[in-house]
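The following report describes a protein assembly by its chains and by the contact between them. What do the surfaces, the elements and the interface look like in numbers?

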Amino acid sequence: MADHVDDRIETSARRVGLLQLFKVFFKIGATSLGGGSAGWMHLVMVTQLNWLSEEEFVAGVAIAQVLPGVNTTNITVYFGHRLGGWTGALAALCGFLSGPFFVAVLTAVIYHDLLRLPGFDAAMLGVASVALGMVLRVALLSARRCIREVVPTLVMLSAFVSVGVLHWPLALTILILAPISIFAARPKKAARDA
Amino acid sequence: MREDNVLISLVSILVPLSLGAIGGASSIYAPLQHQVVSVHGWLTASDFLDLFAVSRVMPGPGSFIATLIGWRMNGWLGAIIATLSIFLPSSALCLIVAGMWERSLGPSWRKSVEKGLMPIGAGLMFAGVYGVMRLSSGGVFAWILMIIGAASLALRPKFHPLWMLAAGAAASLLWSYAGALLHVGA
């Protein structure tokens, strides 16, 4: 059972062993069906194991969201590092990805057999449509916030047209749009730190 | 020799996508599809759609669609290379940032970065939806299903994704059988 950690400590003094990190993140990754892993990570790391405080977790998630890449792997790497340094991050990441990796390979192997199942194509179409609906919903939520201001709206439209219609390279699009968009979103003078 | 080219191509496609995946896997579907289906012709449109659907049902992030593609192109080696290519770059970046976060910018700049990246993420997501939908042969039905999916989540945000996907699969199956029955009748 973990020792109680003072919630007010910003930098966690807690160190967790590599094997432990691997095992815990393996379990999270292997069971992360359909999304919602972040919630699961919170449950395990904050509530059950008491590795992190509430604030630490939320701050880490915010950073994970800001950085490119999937939130869940960023959270894994970030807290793996927090709890076990560079090797800890690696152990956590390997743990997290191993389960899904082998399921993916297995799925790819039986994919052609799956295709022969009557209705598989139709079922997959249904899954894809609903999955896209879920993505669409998130996109609309963000869009709602963007259209309040001119620059975000233009940036959003630019990203859509550039990548979705013109098929320009993603990296180039981001390299151009990100600085503009972040600069436009810069803190107002009064609120700026230091 | 052809195999080497495929691996190199996989890496050159996936590494930039890893670093450009603003807001997660949803940002990469449009460029990934364009590369894999249109530019390289590795998969047919319907193949890609199937892999997309399957990737949403598998455990782990949607980025594992890269693993599926990698396996298709070059078995174990392809799958491993693809997985490393899609996950390591962003993870390495995250590690670097994690290492220097304490001495870094204050919270209000982080907010700016979040706020600045959000419209890009939104635009990319729309691109993904648009791109993948165009591949589907489902016509109006697929669009309706998609809209119902989005609307259901709007009304009931707590719907478990797996149930929704299962419902979508069932609805689509029913629809296709209904279509087959009607044809038989005619």
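Accessible areas in this report come from the Shrake-Rupley method with a 1.4 Å probe. The structure is a predicted model, and its values should be read with that in mind. On this basis chain B exposes about 8,400 Å², with 69% of that area supplied by carbon and sulfur atoms, while the accessible surface of chain A comes to about 9,600 Å², of which carbon and sulfur atoms hold 68%.

**The two chains**

Chain A contains seven helices and zero strands, so that from the N terminus on its elements read α-α-α-α-α-α-α. Chain B likewise has seven helices and zero strands, and its pattern along the sequence is α-α-α-α-α-α-α. The C-alpha atoms of chain B fill a box of roughly 70 × 50 × 25 Å along the principal axes.

| Chain | Residues | Buried residues | Accessible surface |
|---|---|---|---|
| Chain A | 194 residues | 52% buried | about 9,600 Å² |
| Chain B | 186 residues | 56% buried | about 8,400 Å² |

Within chain A, 54% of the contacts with a separation of 6 or more are between residues 24 or more positions apart. In chain B, among contacts between residues at least 6 apart in sequence, 56% join residues at least 24 apart.

**The contact between the chains**

The size of an interface is often given as the accessible area lost when the parts come together. Chain A and chain B bury about 8,100 Å² between them, and 79% of this area lies on carbon and sulfur atoms. The contact draws 88 residues from chain A and 94 residues from chain B.

How many salt bridges are counted between chain A and chain B? The count is one salt bridge, formed by A:E149 with B:K115, whose closest N and O atoms are 3.6 Å apart. Between chain A and chain B there are also nine residue pairs in polar contact, with both residues of each pair at pLDDT 80 or more.

On the side of chain A that touches chain B, two or more residues come from each of α1 (18-30), α3 (54-66), α4 (71-116), α5 (120-146), α6 (150-165) and α7 (170-184) of chain A. Of these elements, α5(A) gives the most to that side, with 25 residues. By class, the side of chain A that touches chain B is made up of 61 nonpolar, 19 polar and eight charged residues.

Notes:
Residues numbered from 1 in each chain as written. Chains lettered and ligands numbered in written order. Predicted model: local features only at pLDDT ≥ 70, side-chain atom pairs only at ≥ 80, totals over all residues. Heavy atoms only, no water. Contact = heavy atoms within 4.5 Å. Buried area = accessible area lost by both parts, 1.4 Å probe. Salt bridge = Lys/Arg side-chain N within 4 Å of Asp/Glu carboxyl O. Polar contact = N/O pair within 3.5 Å; in protein donor to acceptor, adjacent residues only side chain to side chain. Helix = DSSP H or I, 4+ residues; strand = E, 2+ residues; numbered from the N terminus. Nonpolar A, V, L, I, M, F, W, Y, C, P; charged D, E, K, R; others polar. Buried < 20%, exposed > 50% of the residue type's maximum accessible area, 1.4 Å probe, protein only.
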